[in-house]
Structure formats: structure tokens, C-alpha cells
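Dear colleague,

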Amino acid sequence: MAFSTGSGRLPFIFLILIILIMPVLSFAQADSGDTANSYFRIERINALVAMILFSVVILIYTRWAKAGKDLFIRKINGLDEVEEAVGRATEMGKPVLFVPGLQEIDEIETIAGISILGRVARITARYETPLLVPVRYPMVLAAGQEVVQQAYIEEGKADSYNKDIVRYVAGEQFAFTATVNGFMMRERPATNIYMGAFFAESLLLAETGNAAGSIQIAGTAQPAQLPFFIAACDYTLMGEELYAASAYLSREPLLLGGLKGQDWMKVLIIILILLGIILVSAEVSDWYLSMFESV
Amino acid sequence: MKTTVPVIAAFLSGFVMLLAFFFNPETSFLGRLEPEVLSWVTIVGGFTLLLGVVSIIRVNYSSVKRKSSGWGYKLATLVSIFAMAIPAIFPVRWSSLFGTGTGSIYDWLFNYIDSPMMSTMFAMLAFYIASAAFRAFRARNAEATLLLITATLVMLWRVPMGEALLQGIHGNLPNLINTYIMNGANMAVQRGIIIGAALGAAAMSLRIMLGIERTYMGK
């Protein structure tokens, strides 16, 4: 089907639905004048406008990328080192440990971690390096097994795939940490990759990996955990770099287009912040600030 | 088919959640869809729990059987799983030791073994922080020296004795640290990371919804 390619009908269906239906409903509600009993939450119109703008920018860049336009993406050292780190594990004959965070599959950070797992699994399959992926939730287990199996099949190493590469170890945060730390100290993996949402266990994992002498690459969007990973890991992906990883590693033009669109939104936000600074300093900012109030 | 169905499911699920965000749950069916969809997630999660149990038993049992490295720990895991689960699934009417209520075996194991072990793991974090800080705060270059000075000031400011010491140097010094380091530089950098991460998350969600990003399916 056309939309399964990700560049066919689906983006247009989405845009038409968002751009036409929602504002029409919002105007219908505005006519009625009764905001408390309205269908549409008019107080969230700012979020709708931002979302439409964001979607349009990303889709424009995706189209350009599809048309073959050259898109520059800055170098991300942590991601460039992934293949090198797996290569090191291969040379040492030791396993690679991949932890896709400690959140459920409905968290976007976990999905980003699972996406990177697919790329890492391809490399380990290619080099026939042992891979271990401990997970905390059964749904992440199912998704992880699917992704790793697909990677092994695509590398022509379906026979090397073992269902227990991705394994459920514990549902409790610190029981999970204790299991993974125990594995690190017993098996001494050459490479540890942490990609996803981490909390208090981030430093427990990263420090143990450091003590075990592993090369460590971490990535998380949790600002409170970043200093711990930076202190204990060799490379750290910060915030948005985690979400950019799948596009960066695959180099697929359609995914890179999305990254460029994201950059333009950042430019717009910087302009809005600068404008806000000027208006607040001039004490004429009430109307401007009210545009960004969230409900 | 293997790709098309998940792409359609991702699009519909994401679109329903979007609609639910913009519609009033009091007056509109669309606004009430969010808890409905989230309860589906819980139901699917319940089914997959069995996968987790099978995985943990299979992995640990095979290690114990082969007597591979650390098999004793795996045996302890298996014993713990059954010791917690079996008394919990028997009906309370047979004995007050069954079920998960107060005074049950499950409750006792949780309060006197599981919970203290979790607290112990968490408490160990203090030692890990000390060793990581020792490595991070070595004054190897200008940036690391700046980090060392800033961290020393903030740590002193956070403890009462340090705060008293800083006040002895200059009465307003603790307030300046709070204003310029914590609410100034620290807050600005954190917000920069948060804005970037939020945009990244939104862009990735959009790519998944539209079927552009399929790497989470191993494609």
C-alpha cells in the first residue's frame, strides 16, 4: 500500500485532518459562545497552531529529502563510536550489553532506544558478537525480540538469533539494576550501551560498567541523569541526540529530513524567546505571554 | 502486511490521542477516548506479562541446568519467583498466609526482604556518586576546573555548615549562588536540553505516526 512507505498518502491524510477538521470545530464552538459546554478546547488552540506548523515544516523537509536535496547533519561522536565499540567487543571476544531504558514501550524514549537497538543488533549480527539486552517490561521484551530478530534476518544471520538475547530480568527498578550490575561484574562486557529513559539507577549502572572496564555509550532525555552519564561514560547523547540517533545511524534521507525540520523549529523558538525578552523588558508583553499559556 | 498493519495501528492510536487532547472530555466522546485507549494499553500489557514470566524462567532455568557462571544467583531468582507467586495466588479463605493482604507470606517477603534490599541498592548510590564525582572533578583542563569550583560552591551551599561558612565570607554569597548558578546558568542549560528533547520527541512521534520512522519495527 502507498502509505506504508511513509511518503505516500498518510502524511496528507493527517495534515488534511488536522488543518481542516480541528479549526472548523473550533470556529463552530466560537459561534456558539458557550465555551464550558463546547466540544473543542479553545484554550489549547496555541498547541494546535504549534503542532500544525511543526508538522508542515517536518513534512516539507521530508519531501525535499525524498527529492534528493543534500541535507547537512552535524557529527555526533557517540553514535559514530557505536560500530567501533562493537568492533572492540568482537576483538576481545566479549559480549555487548544494551539497556533500552527502564520505561514502558509507550514512552517515546524507550521507542528511541529500541530503534537504536535495531542498528546495534545489525552490527553484532554482522560480526557475530554476543549481544545481551535486559529489559524491565514484558512489552519492551516483545518489541526488542522482534527488532533484534529482524536485524539478524536482514544480516543473513537468522541461525545465530537466539530468543534469549533480549530477556526480561525484573520488574522492580533496583532488582533490575542489581541483575544488570551482577552480569557486568561476572561477564565483563566489552561495550555497554544505555539508550532510553533512566532514573536513579543511571549512575549505579554506569559506574559499575566503568569499574568493569567497559566502553560505555549512553543516551537519555532525562536532564537530571545526564551529569551522571557524562561523568561515568565515554560518550553521552544528550536529549534530542537520542531521538536523532535512528536517523543518524540509518542515514535514510526521509528520517534526516525530519531532523532538519526540527532544527528550523528550534530557530523559530529562539526568535520567539528573543522577541519575548524584548517585549518583557519594554513591559508590553501581556498579550504576547498569554499566547504561550498552557492549560 | 507485517509493516502496513503496525503503521496503520500507530497512526490511528496517535491520532486518537491527539484528538482526545483537543476535545472536551465533559461534552465530547472524542475527549473521553484517552483513558479508553490507555486502558487498552493496560490490557495488552497484562497479556504480555506472561511473556516476561516465561522469559525469566527459561533463561534462569537453563543457566542453572548448565551450571553456567553465576548459576547460584539464578537459582535464588527462581526460588524467589515461586516463593512470592505461589502463596499469593492461593485464595485467602484457605489461610490468612495466602493472598497479598497483611500477614500473608507475600506481604512478609515484600516488607522484610524485598523492600530492604531495594532500599540498600538505593542507599549505595551515595558511594557511586562519590566515586563518579572524584573522577569528574579532577582539574585536568580549564572546563574541568570550572566544574570543580562550581560544584564545590554548590555543595557547600547545600549543607548548613557550608552555608554558614559562605555567609561568613560574604553575607549575600549563598543567595548569589542560588541566583546565578542554580537559577541562572544551571536552569538555562537544563531548559535548553528540555526544549531540544521535547522537539525531538515530538518529531519522532510524528515520524512514527506517519510511517516515516519504522526503525522501532526493525526496518
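**What was found**

With a relative accessibility of 42%, A:R251 counts as partly exposed, a class that covers what lies between buried (under 20% relative accessible area) and exposed (over 50%), computed with a 1.4 Å probe on protein chains only. A:R251 sits in the loop between α9 (240-250) and α10 (253-281) of chain A, where helices (H or I, at least four residues) and strands (E, at least two) are DSSP runs numbered from the N terminus. Its phi is near 60°, which is a positive value in a residue other than glycine.

Please bear in mind that this is a predicted model, in which local features need pLDDT of at least 70 and side-chain atom pairs count only at pLDDT 80 or more, while totals for chains, interfaces and linings use all residues. Residues are numbered from 1 along each chain as its sequence is written, chains are lettered from A and ligands numbered from 1 in the order in which they are written, and side-chain values use heavy atoms, with hydrogens and water left out.

As to confidence, the mean pLDDT (the predictor's confidence in each residue, from 0 to 100) of chain A is 87, and 87% of its residues reach 70 or more. Over residues 1-7 of chain A, however, pLDDT stays under 50, and for this stretch the model has 20 contacts (heavy atoms within 4.5 Å) beyond four places in sequence.

Helix α6 of chain A, residues 173-187, has 15 residues and spans 21 Å from its first C-alpha to its last, close to the 21 Å expected at 1.5 Å a residue, where the expected span is 1.5 Å times one less than the number of residues. Its buried residues include A:F174, A:F176, A:V180 and A:F183. The buried residues of α6(A) pack against β1 (96-99), β2 (131-135), β4 (191-195) and α7 (201-211) of chain A, and also against α4 (105-123) and α5 (125-136) of chain B. After α6(A) comes A:R188, whose phi is positive, near 50°; A:R188 lies in the loop between α6 and β4 of chain A and, at 32% relative accessibility, counts as partly exposed.

The packing of α6(A) on α7(A) has an angle of about 5°, with the axes 9 Å apart; axes are lines fitted to C-alpha atoms, for helices over the stretch in contact, and angles run from 0 to 180 degrees between N-to-C directions. The two helices are therefore roughly parallel to each other, a description used for angles under 35 degrees, with over 145 counting as roughly antiparallel, 65 to 115 as roughly perpendicular and the rest as oblique.

Between the chains, helix α2 (residues 45-66) of chain A and helix α1 (residues 4-22) of chain B pack at an angle of about 145°, with their axes 10 Å apart. This contact is made by A:A47, A:L48 and A:M51 of α2(A) together with B:L18, B:F21 and B:F22 of α1(B). A:I269, in helix α10 of chain A, is in contact with B:I195 and B:L199, leaving aside its neighbours within four places in sequence.

Finally, B:N60 lies in helix α2 (residues 33-66) of chain B and counts as buried, at 8% relative accessibility.
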